[in-house]
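Keep the viewer open as you read.

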Amino acid sequence: MRTPAEVTVVEVGPRDGLQNEAKAVPLAAKRALIEALDQAGCPRIEVGSFVSPRWVPQMADTGALAQSLPLLRATTSVLVPNAKGLEAALATDVPEIAVFAAASETFSQKNTRCSRDEAAARLVPVIRQAKAEGRFVRVYVSCVVACPYEGPVAPAAVARLAEKLMAAGGDEVSLGDTIGRATPRDTQAVIDAVALAVPLSQIAWHGHDTYGQALANVLAALDRGVTVIDAAVAGLGGCPFAPGAAGNLATEDLVYMLDGLGVRTDIDLDRLAAAGQKICQTLERSPTGRVALALERQSVFRHA
Ligand code: HMG
Ligand code: MG
């Protein structure tokens with residue numbers, strides 16, 4: 001198995017993690033989470049999204065949140081679905097803008113209320129404008145292995161969409177296993193298809209952990225040469241429009257595995273786990289990742 005010397009972890013907990021939580025999270029708690037993730041050494045943090053507050057009320061304060069952040073070491077990003085979202089993002093200093101489209105038709109309709117082709121067409125000018133304004137642009141392609149409504153998705157369909165949006169000026173494409181259905185061969189098949197059109201250095205992997213395959217899929221992605229991996233602290237989240245999907249791969253699980261493999265991330269696992277525990281207290285729930293739970297048990301024993 002091939003592993004790189006270094007992996008860049010993209011922490012998506014404050015956006016992908018919190019967008020799916022029913023309990024309202026105060027702005028101060030979101031800011032504290034982002035600061036704690038920054039202090040743990042997370043190099044890139046997606047802090048929120050400028051989407052319809054009617055559809056995703058949890059993200060309604062992203063503008064105020066982005067403006068309230070102190071100077072961070074991490075590079076921050078925000079997610080936008082259209083020109084209106086971009087306008088709000090450009091009013092902030094956030095250096096990275098992420099756009100999203102789905103490789104499956106029905107998920108596109110449910111998530112963004114338009115067809116796959118319409119979503120791609122409306123994102124092309126958004127990407128161009130974000131680039132013209134000097135922002136780094138991340139392109140998410142969702143449902144890269146399976147759609148919650150249609151089942152399996154062909155790697156060629158993912159590659160076509162990724163190529164189109166990257167040709168508009170995207171700097172990076174993050175391949176989303178939105179419902180966590182992939183197994184390692186699926187992961188490699190879709191990476192191989194996309195890599196025919198996009199350099200590997202611009203491909204990231206974004207796996208939800210519904211079926212417990214997320215870490216195995218990361219290994220499969222690393223073996224193919226991918227070195228940018230998305231994860232959410234405490235395994236938070238999911239997509240409100242992907243029924244049954246669990247949270248992202250827990251960042252604690254990812255960092256523990258990469259530490260063990262001698263792959264550098266610059267993230268301090270104990271500080272990261274403390275950030276996860278704190279937001280879980282606010283949410284009145286437990287972390288879902290195995291490493292966070294193991295560390296919690298260890299600390300109970302230590303203090304008993
Ligand atoms: P729509 O209803 O078709 O939009 O929604 P519209 O253009 O017809 O506008 C309707 C209303 O929404 C208008 O307001 C607009 O101003 C407003 P009204 O006149 O009725 O008061 N509006 C907006 N408000 C704030 N920000 C905006 C915005 N755009 C329009 N950007 C839309 C279309 C895409 C906006 C809507 O469906 C939406 O917001 N969807 C959000 C979906 C979402 O956030 N999903 C989760 C993130 S994606 C994800 O989790 C997957 C990912 O993690 C990767 C993976 O796991 O695969 C990235
Ligand atoms: Mg996601």
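Around ligand 1 there are 27 residues, and those that come nearest are Gln19, Ser52, Asn111, Ser142 and Thr178; here a residue is near a molecule or strand if one of its heavy atoms lies within 4 Å of it. Before going further, please note that this is a predicted model, in which local features need pLDDT of at least 70 and side-chain atom pairs count only at pLDDT 80 or more, while totals for chains, interfaces and linings use all residues. Residues are numbered from 1 along each chain as its sequence is written, chains are lettered from A and ligands numbered from 1 in the order in which they are written, and side-chain values use heavy atoms, with hydrogens and water left out.

Now for the polar pairs. An oxygen atom of ligand 1 lies 2.6 Å from an N or O atom in the side chain of threonine 178, and an oxygen atom of the ligand is 2.8 Å from an N or O atom in the side chain of glutamine 19. A nitrogen atom of ligand 1 is 3.3 Å from a polar backbone atom of glycine 85.

Glutamine 19 leads us on to aspartate 16, since the two side chains are joined by a polar contact of 3.4 Å (a pair of N or O atoms within 3.5 Å; within protein, one must be able to donate a hydrogen and the other to accept it, and residues adjacent in sequence count only if both atoms are side-chain atoms). The side chain of aspartate 16 also makes a polar contact of 3.3 Å with the side chain of histidine 208. Where does aspartate 16 lie? You will find it in helix H1, residues 13-17 (helices, H or I, of at least four residues and strands, E, of at least two are DSSP runs, numbered from the N terminus). Aspartate 16 is buried, with a relative accessible area of 2% (buried means under 20%, exposed over 50%, partly exposed in between, with a 1.4 Å probe and protein chains only).

Finally, look at the largest pocket. Its lining has 36 residues, with Val51, Ser52, Val56, Pro81 and Phe100 nearest its centre (on a 1 Å grid over the protein atoms alone, a pocket is an open set of points where a 1.4 Å probe fits, with protein on both sides within 12 Å along at least five of seven lines; lining residues have an atom within 4 Å of a point). Elements giving two or more residues to this lining include H1 and strand E5 (136-142).
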